[in-house]
Amino acid sequence: MAMHRWLALILLIPIAACAESAPENCLEVILTGTQGGPPAVNGLAGAGTLVRYGTVENQCNDVLLQFDAGRGTTGRLSQLGVSPNDLDAVFLTHNHSDHTEGLIGLMQLRWHFMGGPLDLVCSEDVKAAGRTTSCRAFAEHIGDAFIMSGEIAQRVAENKKRHPDGPSGLVVLKEVGQTASDSKGEVVWSSGDVTVKAITTTHIAGSLAFRVDTPAGSVVIGGDAGNSKTTPPRDSSTSESVEALADGADILVHSAIHPVFAPGAGSKFPPPVYLRQSNAADLGAMAERAGIKHLVMTHLIPALDSPSHGPFVIPGGPLSQNDFVVPARESGFQGEIYVGRDLMSIRLQQ
Ligand SMILES: [Zn+2]
Ligand SMILES: [Zn+2]
């Protein structure tokens, strides 16, 4: 009998330990917009990716990070049940309006409904070619049109709990240095189990890529990064620094341009604009070298199912999803390929 009691005790220990183990965690990556560049096409929202992490029980909703916020971001977030007040931080890959213009409406809405301060992580000011690229100035002036129209003062008079400076008063700017970037990125934001690293990239002055690491998995947001050698001949159109940052990551979300817009392929698309992006073929090869499991092409130039990209007609007509998949696959990528559609999501669970 004594031996049977021992056996029962031994069998019970793992069951009790299992019942007390930590809840499962999840990482969810959702494309809030897939439009590439300034044109408006087929109702797509501008570039943006929501990364959320948390317990499975809480639907990964413990930490919400928005990477870029193009046109229509608040509308897409509303389809996910996410309000601007819910976000913990916003990260900007660069100061191009197709990645930032939605932040104006997002911040105005957060201010209107008295959300709290919001971390904005972006590049420090960069001077290049006699011009200054300044995320700081963008943030400081984010509510200016509403201030100048008198709306901010009118609504503050209506509700004194609103920040008197308007939406810029809620921004907590966290500038990323352009000079001290480690080859694997430097930590620029963290909360609990979530760490975000940044690395400088080549596209326009002050461009960054980000990597989010969590116990449930990791994701890299490449933005519009391209190769540091901006003109051919070169080995690849992809970014060496994104490749280093993405080493061993689960998911890579990256802007993709199709070779149909390459110089000499029959479109009138400006060659310098084509050459500062990563093309779909080279992205597949780069993702394979970095050991990525899921390659998500977004910010598609040109957009799927459209005969033109702004004023630029697509030689051969509209592109399909397969037109992006084939070059990425043929360049050697073995993992899963996703061609971005607004609200497409990937979920990883611990
Ligand atoms: Zn862009
Ligand atoms: Zn850009």
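Leaving aside neighbours within four places in sequence, Met297 is in contact with His254, Ala256, Ala280, Leu283, Phe324, Ala328, Tyr338, Val339 and Gly340. Contact here requires that the C-beta atoms of two residues, placed from the backbone, lie within 7 Å. The model is predicted, so local features need pLDDT of at least 70 and side-chain atom pairs count only at pLDDT 80 or more, while totals for chains, interfaces and linings use all residues. Residues are numbered from 1 along each chain as its sequence is written, and chains are lettered from A and ligands numbered from 1 in the order in which they are written.

Met297 also belongs to the largest nonpolar core, which holds 88 residues. Such a core is a set of buried Ala, Val, Leu, Ile, Met, Phe, Trp, Tyr and Cys residues joined through C-beta atoms within 7 Å. A residue is buried if 20 or more other C-beta atoms lie within 10 Å of its own, exposed if 12 or fewer, and partly exposed in between, with C-beta atoms placed from the backbone. Phe91, Val219, Val220, Leu252, Leu295 and Met297 touch the most other members. Helix H9 (residues 280-290) gives the most to this core, with six residues. Helices (H or I, at least four residues) and strands (E, at least two) are DSSP runs, numbered from the N terminus.

H9 packs against helix H10 (residues 321-330) at an angle of about 45 degrees, and their axes are 7 Å apart. H9 is therefore oblique to H10. Angles under 35 degrees count as roughly parallel, over 145 as roughly antiparallel, 65 to 115 as roughly perpendicular and the rest as oblique. Axes are lines fitted to C-alpha atoms, for helices over the stretch in contact, and angles run from 0 to 180 degrees between N-to-C directions. The crossing of H9 past H10 is right-handed; the near helix is then turned clockwise from the far one by less than a right angle. On the H9 side, Ala280, Ala281, Leu283 and Gly284 take part. They meet Phe324, Pro327, Ala328, Arg329 and Glu330 of H10.

Strand S2 (residues 48-55) has seven of its eight residues buried. It pairs with strand S1 (residues 25-33) in the antiparallel sense over eight bridges. Pairing requires at least two DSSP bridges between two strands. Asn25 has Thr55 in S2 as its bridge partner. S2 also pairs with strand S3 (residues 63-67), again antiparallel, over five bridges. Here Arg52 stands opposite Leu64 in S3.

Asp68 lies in the loop between S3 and helix H2 (73-79). Its phi is near 65 degrees, a positive value in a residue other than glycine. Asp68 counts as buried because 30 C-beta neighbours lie inside 10 Å. Ser97 is found in helix H3 (residues 97-112). With 15 other C-beta atoms within 10 Å, Ser97 is partly exposed. Its C-alpha atom is separated by 9.0 Å from that of Ala69, 28 residues apart along the chain.

Most residues other than glycine have a negative phi, and most peptide bonds are trans. His299, in strand S14, has a positive phi, near 50 degrees. His299 is buried, with 31 C-beta neighbours inside 10 Å. A cis peptide bond joins Ile301 and Pro302, with omega about -5 degrees. Pro302 lies in the loop between strand S14 (294-301) and strand S15 (308-309). Another cis bond joins Pro232 and Pro233, with omega about 0 degrees. Pro233 is found in the loop between strand S12 (217-221) and helix H7 (240-245).
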